[in-house]
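Subject: Structure handover

Hello,

Please find the structure below. My notes on it follow.

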Amino acid sequence: MNDAFLDRVGLEGPSHGFPQGASHGELYGEESGPDLTALLKTIMGMVRRNIALIAAIVAATLVLGVIVTLLIAPRYSAGVRVLIEDQADQIIEGSELQKVTNVQDAERFLQTQLGIIQSRSLAESVVESGRLDRDPAFYEAMGTDMPTQEDVLKSGGTKKLDQLRKESAIDSLLGSLTVTLPPDSRIVSISVSSRSPGYSAKLAQLYGERYMERNLNQKYDSSSYARRFLADQLDEARAKVTQSERDLNQYASAAGLIRVTSQGQDGNQESVLSVTNNTLVQLNDAAAKATADRIAAQDRWLTLAKAAPLAIPEVNANPAVSTLLAEKAKVEADLAEERTRHLDDFTTVKSKQAEIAEYESRIGAISDSIKKSAYLEYKSSQEREKSFSGQVESLRGEALKEQDRGVQLAVLKRIADTNKTLYDTLLSRYNQLNATAGASSNNLTLVDGAEVPGKPYSPRLLVNIVASLVLGLVLAAGAVLLREIFDDAIRSPEDVERKLGMPLLGLIPLEKGGDVASHFDDRRSRVSEAYRSLVTNLRYSTATGLPEVLMVTSSRESEGKSTTARAVAHDIAVLGKRVLLVDADLRRPTLHNFMSDRKATGLTDVLTGEKTFDAALQPTEVASLSYMSALPAPPDPALILSGEGLPHFMEEARRKFDVVVIDSPPLLGLSDAALLANHADGVLFMVDASSFHRGAVKSALRRLALIKANMLGVVLNRFDPKVGGEDYNYYAASYYSYGEKD
């Protein structure tokens, strides 16, 4: 029991007062797993509870958004649109611009151009061409202050005033620049925003012009460098061509090789005249063909040699064989008919068998003739192959010697051809660059020029209001979530089990004005029904039924423990039990006021020995119910409760009554309740739903756990169904009030 109670108060793990492994939904027959309806109800309950907070946050963000929108200075945006062709200069190959065909290269080229537009060097070119760093109207349009001599002093004098102004103008220009390139497009938009519509158009147009001018200058500079580079390369190539031609001619003369020049498709073609090589090539081709013929004939012979006569295609295609097969089939049909009428040794049967054998012999003769023809063809091709192979071997030695001499000649010729090709290429490109220098075509085209905007693009009131509304909803959601996370309120029975880990034994509804005692006389009221349900639950809270000594306590004062103690004692007495209601709050006794008791005697006198047990008892309207007040108030209640009088009192009370209900003081800050709990068979803990503080309740439950008190459960007092969610709206409508009079 004590371990389970420690689990419930959160000291050794949550058990929630349920069987191990069982959840609240399983005990009450609810389906497991995520429930969208329950989630929506929970969210709606959170919204309903925090509607004022949500409305305040959303209204504040909307007002703030409108104020900020009105305070923001209007800005105007103007732009130009430039078409960028994906082309690049080729210095060595081609005479004009060559298009980039690779998709990745084209995308990389466009991104490079965007980087150039956003570069600081281009912005500096725009500032210098427009003298923007010296124009006060530019700084005013950008919304920045024009640097003065004071700013130079603040920077420590490391920069001059002109340099500081230029850097400030460049930073302002880059800050107002917007460059966009739509997907699958080569048209880039260059926009500049400022407080002046005229300045926005001027700066955008200036940006587009400087960008195109920079591209042309870059092409001219690259062409100038190419001409200088090609001139130097031409001088070196010319010398290499001359020397390589001289070396080639000298070696050909020394080796006795004849160089023959002829007109080909691509111009002059040069070769080395060699009779030996030509003859060897022809014989080698003939030998290769003879070998191929021999292999084909050999394969055909090997295939036919072991094949059955009718498996050879030539045999099946032979007209004579076709005729013989037809006649054989006819004879075989006759033989089959004879065998149906006669035995195998009959004359006609033997005659038909002889005819079939003759047909097979003739077909075999034709097959042998075809095989012999294939064999003769194979032997003939074999002889031709040997003849050509011998002639090739005789010429191979002479050709190898001549080939050794031609290797060096070929090397020298390749060197000479390479040098000549390089020289021709450089010369052609050099002539092209000289002809087109200063007249390079631009791959940039200005599609749309900048126009003066008629209205500002910022601020936009409607967009800002929508953004403020969205921001307000997000902030409100965050605030509600945080509030719910750190909220200690108990709004439903599930909160008791989830936040306290204790079973719920009773649910006392909230009454108007908070006057619960006034409803005791009405046995059909919701309050009376609620307390009777609590008593019913107490009868099943222990294995032996109602506890003999029941202590009612709470973490703080004014949580309804005295009222609950009186109601529980009354309802148990009505059941026929002998019940004693004891006011054990020696510090602030209240029971004698409710009972209109004017006698100044009670529990204190009994514990101190001033009065006997029976002398302090007081009767009530219910015959089986007696009570004992806490009078007179002692100076040191804890000392009295810790003495020997309390055990004797509890022993006598158990002997004379069936049930003893103790109204104890609150737990926090006092030791009285802990002393009383040691003598109780069960503790009923009161929680005020209207002013719940989980920290105080947890501390009180831990104190009871330390003294190993038997916790029966929690009674949720002053429960308001309106804050418990839609699942508990029936409390306000008809729960505990079935049959109640209007």
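How close do the axes of α6 and helix α9 come, and at what angle do they cross? The axes of α6 and α9 (residues 161-175) come within 9 Å and cross at roughly 115°. Axes here are lines fitted to C-alpha atoms, for helices over the stretch in contact, with angles running from 0 to 180 degrees between N-to-C directions.

Before the rest, the conventions. This is a predicted model, in which local features need pLDDT of at least 70 and side-chain atom pairs count only at pLDDT 80 or more, while totals for chains, interfaces and linings use all residues. Residues are numbered from 1 along each chain as its sequence is written, and side-chain values use heavy atoms, with hydrogens and water left out. Helices (H or I, at least four residues) and strands (E, at least two) are DSSP runs, numbered from the N terminus.

In the contact (heavy atoms within 4.5 Å), α6 contributes R120, A123, E124, V126, V127 and E128, and α9 contributes K166, E167, A169, I170, D171, L173 and L174. By class, the contact residues are seven nonpolar, no polar and six charged (Ala, Val, Leu, Ile, Met, Phe, Trp, Tyr, Cys and Pro count as nonpolar, Asp, Glu, Lys and Arg as charged, and the others, Gly among them, as polar).

Strand β14

Five of the five residues of β14 (659-663) are buried (under 20% relative accessible area; exposed is over 50% and partly exposed in between, with a 1.4 Å probe and protein chains only). V659, V661 and D663 point one way, V660 and I662 the other. β14 runs parallel to β10 (549-554), joined by four bridges, and parallel to β11 (579-583), joined by five; strands pair if DSSP finds at least two bridges between them. V552 stands opposite D663, and V579 is the bridge partner of V659.

Backbone exceptions

Most residues other than glycine have a negative phi, and most peptide bonds are trans. R131, in the loop between α6 (120-130) and α7 (136-142), has a positive phi of about 50°. D184, in the loop between β4 (177-180) and β5 (187-194), has phi near 55°. R131 is exposed at 54% relative accessible area, and D184 is exposed at 85%. The L631 to P632 peptide bond is cis, with omega near -15°; P632 lies in the loop between β13 (625-628) and α22 (637-641).

Regards
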